[in-house]
Amino acid sequence: MRKAVLGVLAALGLALGQQQVTLFWSGAITGPTSETGAPYGAAIEDYCRHMARSIPGVVLNCVVRDDRYDNATTQRLFEEAVDRFKIPVYLGYSTGAMLQMKALIQELRIPTLPASNHVGLIDPPNGDYFFIPVSTYSEQVVALLEYIAKQKKGAKVALVVHPSPFGRAPVEAARRAAQLLGLQIVDVQEVGGGNLDNTALLRRFEAAGVEFVVHQNVAGPVANILKDTRRLGLSGKMRHLGAVYTGGVDLLQLSGEAAEGFLWASPYYTPEEDTPGIRLQKELVSRFGRPAGYAQNHNYTAGMLAAAIAVEAMRRAQERFKRINNETVYQAIVAMNGPNAFRPGLAVSTKQGIEVDFTKSERTGAEGLRILEAKGGRFVPITEPFTSALFRKVHYGK
């Protein structure tokens with residue numbers, strides 16, 4: 001029934017002489033990492049429907065598909081979307097699938113905005129058409145290490161990462177940054193879902209004298225480690241910190257009081273902040289009947305940001321070139337800088353006042369970060385927006 005209604009709406013739009021353009025996303029609505037993928041995909045669909053007739057002469061066709069975190073399914077759905085809808089921009093999801101599809105995306109020259117913040121997506125070879133909406137995992141983790149170095153010189157640090165390319169992404173940059181900062185990375189452990197008893201892991205860290213644990217993961221495994229840290233009486237001995245997908249409302253709900261004091265690197269405004277983007281998030285969640293918790297969920301915020309960048313690029317392509325295709329959308333994205341930077345009110349700005357900007361060589365959008373601390377059941381900013389001072393040096397040698 002839903003497909004039939006969408007078809008009727010599309011036909012009506014075309015009958016009125018409007019171009020139909022498809023905004024397409026596939027990701028883990030179910031399966032591994034769906035705690036991130038479900039609200040992320042919902043946000044893309046909701047924002048697309050909200051903006052469906054916002055571009056003069058254009059009707060947006062909003063298509064969201066569940067790939068169940070399966071790389072082969074992701075590629076099949078992408079190829080079908082290219083053939084059927086002639087998509088001008090692609091909204092992707094997982095690190096593994098995006099890395100697998102880099103060469104194909106480069107060949108087809110389709111601008112791609114992934115949920116993954118893996119720096120390898122924008123690095124050569126074949127990274128020219130990837131645009132990461134926020135800072136990379138590597139930069140987030142390096143920023144956390146910079147924060148640790150300010151708290152204690154020579155601190156002992158452990159990394160806990162998801163057992164996947166997503167999790168392993170920042171390890172190399174973290175090692176280099178730690179050396180420059182005078183920190184000791186004494187252990188790196190991979191932990192995925194189902195980690196119901198982390199006693200051995202935490203006793204290992206205790207024996208090594210670990211003072212800070214930096215996580216690159218989704219919320220579930222981190223929550224289990226926090227609860228075990230509390231159960232074992234280790235909360236006063238080691239501090240936990242994490243990159244963007246570790247924290248937020250999911251972690252608070254899963255961890256309860258054990259989340260208290262967790263430090264989270266996030267580029268997004270919090271639900272308590274009154275910005276145009278956060279107000280719209282709450283409106284969309286209500287209007288489209290989503291779970292009430294999505295109004296506070298940063299994964300929904302992240303999906304909105306990706307969709308907003310894509311729709312804004314299409315709007316600018318239509319305005320500038322009078323047509324929307326992969327080439328005009330690409331040109332619109334790489335011109336999204338300086339006075340033409342994009343300000344949707346979803347991500348924090350640095351002192352320069354820039355929220356989202358891209359060029360052909362700088363393909364991360366919202367580069368501002370804040371450190372937030374879990375206090376009394378919510379995350380509270382404890383730093384002003386900043387960018388990592390060391391990341392470019394340790395990753396690019398600049």
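1. L263 stands opposite E373 of strand β12. Strands (E, at least two residues) and helices (H or I, at least four) are DSSP runs, numbered from the N terminus; two strands pair if DSSP finds at least two bridges between them.

2. The model is predicted: local features require pLDDT of at least 70 and side-chain atom pairs count only at pLDDT 80 or more, whereas totals for chains, interfaces and linings use all residues. Residues are numbered from 1 along each chain as its sequence is written, and side-chain values use heavy atoms, with hydrogens and water left out.

3. The open sheet consists of seven strands in the order β7-β6-β8-β9-β10-β12-β13, with mixed pairing. β7 (184-190) and β13 (378-381) each have a single partner strand and stand at the edges, so one side of each lacks a neighbour in the sheet. On average, neighbouring strands of this sheet are turned by 25 degrees against each other, direction ignored.

4. Helix α6 (residues 137-151) lies across β6 (156-161), β8 (212-216), β9 (239-242), β10 and β12, and runs at about 170 degrees to β8. Angles run from 0 to 180 degrees between N-to-C directions, with axes fitted to C-alpha atoms, for helices over the stretch in contact; contact means heavy atoms within 4.5 Å.

5. Helix α12 (residues 276-287) has twelve residues. Its buried residues (under 20% relative accessible area; exposed is over 50%, partly exposed in between; 1.4 Å probe, protein chains only) are G277, I278, L280, Q281, L284 and V285. They cover an arc of only 160 degrees around the axis, which puts them on the same side of α12; the arc is that of the directions from the helix axis to the C-beta atoms. These buried residues pack against α2 (34-50) and α13 (298-321). The face turned away from the buried side carries the exposed residues P276 and S286.

6. K86 lies in the loop between α3 (71-85) and β3 (90-91) and is exposed, with a relative accessible area of 60%. R109 is in the loop between α5 (102-108) and β4 and counts as partly exposed, at 48% relative accessibility.

7. The peptide bond from P124 to P125 is cis, with omega near 0 degrees. P125 is placed in the loop between β4 (112-113) and β5 (132-134).

Conventions
Expected span 1.5 Å × (residues − 1).
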